[in-house]
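These are my notebook entries on a structure that I looked up today. I set down each point in the order in which I examined it.

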Amino acid sequence: MTQIDPVTLWTVIIGLGLGSFGLRFVFTGIVGNRAMPEWVLRHLRYTAVAILPGLVAPAIMWPAATGGTPDAPRIIAAIVTVTVGYVWKNVLAAIFCGAASLYGAIYLLG
Amino acid sequence: MTTTTRKTYWHGVRDGMPFLLVIVPFGLLFGVVATEAGLSVLETLSFSIVVIAGAAQFTAVQLLSENAPTAIILASSLAVNLRMAMYSASLTPHIGGAPLWQRALVAYFTVDQSYACSIMAFEKNPTWTIPQKIAYFFGVVSPVCPLWYIATLAGALLGSAIPPAFALDFAVPITFLALIAPMLHTTAHRAAALASVVLALTFAFLPYNTGLLVAGLGAMIIGAQVELWTTRQKDLA
């Protein structure tokens, strides 16, 4: 793994800290009691489901640990995690089953 | 603290306690993953204290380990945190009248758990005064946020001791999939998530991880459009 540059790292930590504070403070602190337009709220509702799947999809299909070749244990673990999380609506159960299936599949399939 | 604010404060503490079951393992995991990515214990703990937002922190660490450019890391992680602006907007009618320094502290401690508890409690108890509401908010925060820091620190100390054979590269994808799956409760959410995956894989060839921003923006628009379409269908029925 390549070393993370400390300047980049601290820029990210401080920038993300200030930016996150800004997002949290923008209405309570500055805007006051004005309502946000409905179309803005409608897009904000989907930010998490729009970014997070896209972030992990390449890591699942082309994992760095295998040099970018798709491998069965990681795809199986991803399917198990999503299925458990979707059916039981329980984040910890999904993480646990996903990790268990990853290790199980690595052990069985090599 | 007066008697009435003390009562709502402890009410908040009680409501915040169950979240420790989520916060502690999640914080531990962040500590482990961040140190595995090459961050020092101090850097890992600073992340949790300065940023105090799990999903955004995981996003930043994942992109840092892929050597993405700083601007892309910031844009992607802040996009994950856009929901905080929504929380801020919805808390404003309740606590907008509090002194500025209190609103600034509330802003720093606005996380999924403190927001979710507070908005439900405020709507259930419309007679609460602003100081009572602020006391309740900090009641929820009292167990949740310090444990987030402590769990991160414990994970960071632990992480440096875990050998790489444990396939921890996959801890971040599994955690995110586990977080996303329970959110897929409407057609619009499912459409947005699917669009995000398809667009991210399609535009993975773009330089500097900009494909993720394209995917995020496209998926947000698709989510909003599908929501409009499904509400129209319901109105017609």
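Entry 1, domains. I noted before anything else that this is a predicted model. I then looked up how chain B is divided, and I found domain 1 (3-183) and domain 2 (184-237). The C-alpha centres of domain 1 of chain B and domain 2 of chain B lie 25 Å apart. Their contact draws on 11 residues from domain 1 of chain B and 10 residues from domain 2 of chain B. On the domain 1 side of this contact in chain B, helix α5 (residues 70-80) gives the most, with four residues. I sorted that side of domain 1 of chain B by class and recorded nine nonpolar residues, one polar and one charged.

I asked which secondary structure elements chain B contains. The answer is 12 helices and zero strands. I also looked up the extent of the chain: the C-alpha atoms of chain B fill a box of roughly 60 × 60 × 30 Å along the principal axes. Of the 237 residues of chain B, 51% count as buried. I then took the contacts in chain B between residues at least 6 apart in sequence, and 76% of them join residues at least 24 apart.

I turned to the contact between the chains, which takes 81 residues from chain B and 65 residues from chain A. On the chain B side, helix α6 (residues 83-95) of chain B supplies the largest share, 10 residues. By class, I recorded 57 nonpolar, 19 polar and five charged residues on the side of chain B that touches chain A.

Note on methods
Residues numbered from 1 in each chain as written. Chains lettered and ligands numbered in written order. Predicted model: local features only at pLDDT ≥ 70, side-chain atom pairs only at ≥ 80, totals over all residues. Contact = placed C-beta atoms within 7 Å. Helix = DSSP H or I, 4+ residues; strand = E, 2+ residues; numbered from the N terminus. Nonpolar A, V, L, I, M, F, W, Y, C, P; charged D, E, K, R; others polar. Domains from an automatic or database assignment. Buried ≥ 20, exposed ≤ 12 C-beta atoms within 10 Å, placed from the backbone.
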